[in-house]
Amino acid sequence: MAVIELKTAEKFDEVISSSNLTVVHFWAPWSQPSVDMNVVLDTLVPDYPKVQFAKVEAEELPAISQRCEISAVPTFVFFRSKTAVERLNGANPAELTKLVKKLAAVDAVPQPLQPAAAALTGKALDERLKSLINSAPVMLFMKGDAQTPRCGFSRQICQILAENGVMYKSFDILTDNDVRQGLKKYSDWPTYPQLYIKGELQGGLDIVKELVKSGELKQMVEA
């Protein structure tokens, strides 16, 4: 099986829906390191027949790149059943091979059935989300925390808030899937990070940049 070239959002969603491991390389033809990593990807294909390998030209599918929070190329995102289970930033053939070997081994070993944890739903989840949103005057839902952001967008928004002297509390959505998925529906905002001021959603990184540029962020925080 060859590396799959993903040119549409529909094909991307179809490929990552596999229950087996899928490795997606976000690359760009102008980036020599990412071109070189395409060659590395080709060499891994015959060694891992149960793993899907795919590549996305990041700038050709900007919506998918934003959804996967791609801030630089090359970036590798590892999926299983539409869920991102790992990622690797940068051109590191040894680390890529190590991660593929590690995650592919999970597919090869039968997994014991585990009792499903009771997920919050409906009114209980809404109440929890409302409580979190209002737990501080300025609340940031992000990947990682202010000291160790785990994506480029989260890192940038933390820098902006710090540069503008904004005191805020953050919540790492990677630690709680109920919050991560539920907040998207609760606020009708599909991506992270999400910034709330006095319980009201302001938006993500691009909107916060605009609020800073217009001077509205400072006014909202101080009001």
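In this predicted model, Leu140 has Ser170 of β7 as its bridge partner, and this pair belongs to a region where strand β6, residues 138-142, runs parallel to β7 and is joined to it by four bridges. These two strands belong to an open sheet of four, whose order is β7-β6-β8-β9 and whose pairing is mixed. Because β7 (169-172) and β9 (200-203) each have a single partner strand, they form the edges, and one side of each is left without a neighbour in the sheet. From one strand to the next the twist averages 25°. Across β6 and β8 (194-197) lies helix α6, residues 152-163, which runs at about 160° to β6.

The pockets come next. The largest pocket has a volume of about 820 Å³, and among the 26 residues that line it, Thr83, Ala84, Lys143, Leu174 and Arg180 lie nearest its centre. At least two lining residues come from each of α1 (9-16), β4 (75-80), β5 (83-89) and α7 (177-186), with β5 giving the largest share, five residues. By type, this lining divides into 10 nonpolar, five polar and 11 charged residues.

The second largest pocket holds about 190 Å³ of space, and its lining includes Phe153, Trp189, Tyr192 and Asp206. Helix α8, residues 205-214, contributes three residues, the largest share of that lining, which is made up of six nonpolar residues, three polar ones and one charged.

Notes. Residues are numbered from 1 along each chain as its sequence is written. This is a predicted model: local features need pLDDT of at least 70, side-chain atom pairs count only at pLDDT 80 or more; totals for chains, interfaces and linings use all residues. Side-chain values use heavy atoms; hydrogens and water are left out. Two strands pair if DSSP finds at least two bridges between them. Axes are lines fitted to C-alpha atoms, for helices over the stretch in contact, and angles run from 0 to 180 degrees between N-to-C directions. Contact means heavy atoms within 4.5 Å. On a 1 Å grid over the protein atoms alone, a cavity is a set of points where a 1.4 Å probe fits but cannot get out, and a pocket is an open set with protein on both sides within 12 Å along at least five of seven lines; lining residues have an atom within 4 Å of a point. Grid points are joined across faces, edges and corners, and a volume is the space filled by probe spheres set on the points. Ala, Val, Leu, Ile, Met, Phe, Trp, Tyr, Cys and Pro count as nonpolar, Asp, Glu, Lys and Arg as charged, and the others, Gly among them, as polar.
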